[in-house]
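Thanks for making the time this morning.

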Amino acid sequence: MRFKVVVTKVEVAELWVRATDEEAAAQKVKDELKTTWAYAGHWERTAIQVDVVETESEAIASGSAAAAPSGPMLLKLKDAAAELGISYGTLHTLMKDGGIAHTKVGSGKYISRASLTAFIEANTQR
C-alpha cells in the first residue's frame, strides 16, 4: 500500500531586520526565505500535523523486499545520507572509497535511488 501524506510543520523564529517600515521588513524576510540558503536565526518547532489524504495499493514485484520510494531519481548528498540514516561525512567517505556509486552533473555530485538500493543489498548481512 502507498499512502499520500500531507505534512504541515510550523516553526517560529524571531529576528531583527533593518528596514524603512513594517511592510519593507516583512518583504525583506519573505525574499530571504525564498532562497535555498536562507538563514533566519534559530527556529523552534511549535507544531506538526500529519494527515493521510489518499491510499492506493501497489503490486510488489516478486523477489523485491519493498517498492522503490517515490521522488527524484537523483538525490543530493545530504538527502541521500538522510535516506540511509548515516552522516554526510560517512557518505562522502563511502563515495571516495568506491563503496557507493555516484553521478556527477556539472560540478554537483548526486546519488541515484538505485545506487542506494544496491549499496544496501550489497552490505546486508545474511
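This is a predicted model: local features need pLDDT of at least 70, side-chain atom pairs count only at pLDDT 80 or more; totals for chains, interfaces and linings use all residues.

Residues are numbered from 1 along each chain as its sequence is written, and side-chain values use heavy atoms, with hydrogens and water left out.

The protein has four helices and five strands, where helices (H or I, at least four residues) and strands (E, at least two) are DSSP runs numbered from the N terminus. Along the sequence, they follow the pattern β-α-β-β-α-α-β-β-α. Of the 126 residues, 13% count as buried, which is to say under 20% relative accessible area, with exposed meaning over 50% and partly exposed in between, using a 1.4 Å probe and protein chains only.

Now to the helices: α2 (residues 77-84) and α3 (residues 88-96) pack at an angle of about 100°, with their axes 9 Å apart; the axes are lines fitted to C-alpha atoms over the stretch in contact, and angles run from 0 to 180 degrees between N-to-C directions. The two helices are therefore roughly perpendicular to each other, a label covering 65 to 115 degrees. Their contact, meaning heavy atoms within 4.5 Å, involves Leu77, Lys78, Ala80, Ala81 and Leu84 of α2 together with Tyr88, Leu91 and Met95 of α3.

Finally, valine 5 lies in strand β1, and it counts as partly exposed because its relative accessibility is 41%.

How values were computed: Angles under 35 degrees count as roughly parallel, over 145 as roughly antiparallel, 65 to 115 as roughly perpendicular and the rest as oblique.
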